[in-house]
Amino acid sequence: MQVFSNIARFVLCLLLQMVLFNRLWLLGVCHPYVYILCLLAMPVTIPRWAEMLIAAATGLVMDTICSSPGVHMAACALMGYLRPLVIHSLVQEPERLVLDVSSATIGRLEFLKMLVFMTLVHHSAVFMLDAWSLNGWWMTLIRIVCSSAATIVMLLTFDRLRHA
């Protein structure tokens, strides 16, 4: 049953990103990427190779939707690689997180730390690969910070709604 809820979460996150959030540009610099929630909330028990494969496939779907050549795939693969390391550094007993990763399972502070770090990693990779230049680095930095802040607020809201 848990497999179906994880698949439903993936589909919902990707649909929300495609239909709503890809059209949302706040102040011309802020673009939230809420689809990363499906990668962050995956079960800890999933094999590392499967996590990397799912992350890369999710990024490939986003690249197809956004017409970006490998930007999201690279950022998601980086997230898939780092996520187990971050979780193991934050959580004392990661083996108990069989079902999913959320504020209810790992604690609010640990979830917030993971969410902020992983969002900054993802958004830095996306916007730096998209810019592919140091010209206008300050604008890239503004996009990273604003988009990360908006994404974090939205993901915290989704997490709160999920466990309300």
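This is a predicted model: local features need pLDDT of at least 70, side-chain atom pairs count only at pLDDT 80 or more; totals for chains, interfaces and linings use all residues.
Residues are numbered from 1 along each chain as its sequence is written. Local features need pLDDT of at least 70 and side-chain atom pairs count only at pLDDT 80 or more, while totals for chains, interfaces and linings use all residues; side-chain values use heavy atoms, with hydrogens and water left out.

The core comes first. A nonpolar core here is a set of buried Ala, Val, Leu, Ile, Met, Phe, Trp, Tyr and Cys residues joined through side-chain atoms within 4.5 Å, and buried means under 20% relative accessible area, with exposed over 50% and partly exposed in between (1.4 Å probe, protein chains only). The largest such core holds 38 residues, and the ones touching the most other members are Tyr 35, Leu 39, Leu 40, Met 114, Met 118 and Leu 155. At least two residues come from each of α1 (2-19), α2 (36-40), α3 (48-66), α4 (71-90), α6 (108-131) and α7 (137-162), with α6 giving the largest share, eight residues. Helices are DSSP runs (H or I, at least four residues), numbered from the N terminus. Leu 40 shows how this looks up close: beyond its neighbours within four places in sequence, it is in contact (heavy atoms within 4.5 Å) with Met 79, Arg 83, Val 101, Met 114, Leu 115, Met 118 and Leu 155.

Next, the rings. Rings of Phe, Tyr and Trp (its six-membered ring) pair if their centres lie within 6.5 Å; planes under 30 degrees apart are stacked, over 60 edge-to-face, and the rest tilted. Two aromatic pairs turn up in the whole structure. Tyr 33 and Tyr 35 make an edge-to-face pair, because their planes sit at 80°, with centres 6.1 Å apart. Tyr 33 also pairs with Phe 127, again with centres 6.1 Å apart, but the planes are at 40°, so this pair is tilted. Since Tyr 33 lies in the loop between α1 and α2 and Phe 127 in helix α6, the pair ties together parts 94 residues apart in sequence. Tyr 33 is buried at 6% relative accessible area, and Phe 127 is buried at 1%.

A charge also sits over a ring (NZ of Lys or CZ of Arg within 6 Å of the ring centre and within 35 degrees of the ring normal): Arg 48 lies over the face of Tyr 81, 4.8 Å from the ring centre.

Finally, the cysteines. With a disulfide taken as a pair of cysteine sulfur atoms within 2.5 Å, the count is zero. The sulfur of Cys 146 has its closest cysteine sulfur in Cys 30, 5.7 Å away, which is too far for a bond. Cys 146 is partly exposed at 28% relative accessibility, whereas Cys 38 is buried at 0%.
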